Amino acid sequence: MSIPEQPKDFREPKYYAVKRHLLDIIGTLTAGSPVPTERLLMAQLGTSRTTVRQALAELVGEGRLVRRQGSGTYVAEPKVSWPLRMTSFTEQANATGRAASTHLIDARRDRADEEIATRLGLRAGGPVHRIERLRLVDDTPMALETSHLSAARFPGLAKHLRRTDSLYQVLRDEYGVVPVTAEETIETATATPREAELLDTETGAPILMLSRHSFTADGTPVEWVQSCYRGDRYRFVTRLTTE
Ligand code: GLP
């Protein structure tokens, strides 16, 4: 077997031909099936280990393949589609018949830096809650969320979040606050060693970073939240309308 021919009108890196070959193989297999070993691919395609590894690494990063330590490389499960809506994580999981759970990693009072102060409508240095939570769906870590909210406006928030998983439920039930609009930004990033550990992936793996700035109906800012999702496992879906 040889490396598939390159299209004529552009130059293709060598590893990319290996990747295309692997994509063809993946297309014929079901999730969980093993793909040929590095050694076999090197022999079949007459190429180096570095080239094969580059192709495999890219497909792992894209969520097409998964590596299992000491075992091999397998076809990945399809990504989970997650709607982008003005709801809470808990509500969203429940609406799709999944079980949401939360590990409160850290809840502390902090001083707002310039950016957080501006976002929350506070003076710089003012007290804020910094809440870090690992969000799980069906016991699988899905997102690492760091939320900032005004400490003066939400006294005792950390105490409530030790008892209740849902921030939005606490805001509604304890403070009568309901975030109804938000600006949400999506950017790519790579996992830090700590994020990788918590999200059960590898350092440098692709991350989708969602930042939500939410407001009540009268335009008062409520929260500034940054959520890291594994880019190889999730895709976000939103409905666009002309209204
Ligand atoms: C999503 C949003 C966060 C919000 C959270 C509230 O994850 N990205 O900005 O804070 O939902 O969810 P819950 O009420 O489950 O804590």
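## Rings and a helix

Y229, Y234 and F236 form one aromatic cluster in this predicted model.

Trainee: How are the rings of Y229 and Y234 placed: stacked or edge-to-face?
Mentor: Recall first how such a pair is described: by the distance of the centres and the angle of the planes. For Y229 and Y234, the centres are 6.1 Å apart. Their planes meet at 75°, so the pair is edge-to-face. Over 60 degrees counts as edge-to-face.

Trainee: Is Y229 buried or exposed? And Y234?
Mentor: Y229 is buried, at 5% relative accessibility. Y234 is buried as well, at 6%.

Trainee: How many aromatic pairs are there?
Mentor: The count comes to 5. One of them joins Y15 and Y16, edge-to-face, with 5.8 Å centre to centre and 70° between the planes.

Trainee: What about burial for Y15 and Y16?
Mentor: Y15 has a relative accessible area of 13%, so it is buried. Y16 has 29%, so it counts as partly exposed. The cut-off for buried is under 20%.

Trainee: New topic. Which residues of α1 are buried?
Mentor: Y15, A17, V18, K19, H21, L22, I25 and I26. These buried residues pack against α2 (38–45), α3 (49–61), β1 (65–68) and β2 (72–75).

Trainee: What span should helix α1 have?
Mentor: It has 14 residues, 14–27, so at 1.5 Å a residue it should span 20 Å. The end C-alpha atoms are 21 Å apart, which agrees.

Trainee: Which charged ends sit over rings?
Mentor: R68 has its charged end over the ring of Y74, 4.3 Å from the centre. The charged end of R119 sits over the ring of W224, 3.8 Å from its centre.

Definitions and conventions
Residues numbered from 1 in each chain as written. Predicted model: local features only at pLDDT ≥ 70, side-chain atom pairs only at ≥ 80, totals over all residues. Heavy atoms only, no water. Helix = DSSP H or I, 4+ residues; strand = E, 2+ residues; numbered from the N terminus. Expected span 1.5 Å × (residues − 1). Buried < 20%, exposed > 50% of the residue type's maximum accessible area, 1.4 Å probe, protein only. Contact = heavy atoms within 4.5 Å. Phe/Tyr/Trp six-rings, centres within 6.5 Å; stacked < 30°, edge-to-face > 60°. Lys NZ or Arg CZ within 6 Å of the ring centre and 35° of its normal.
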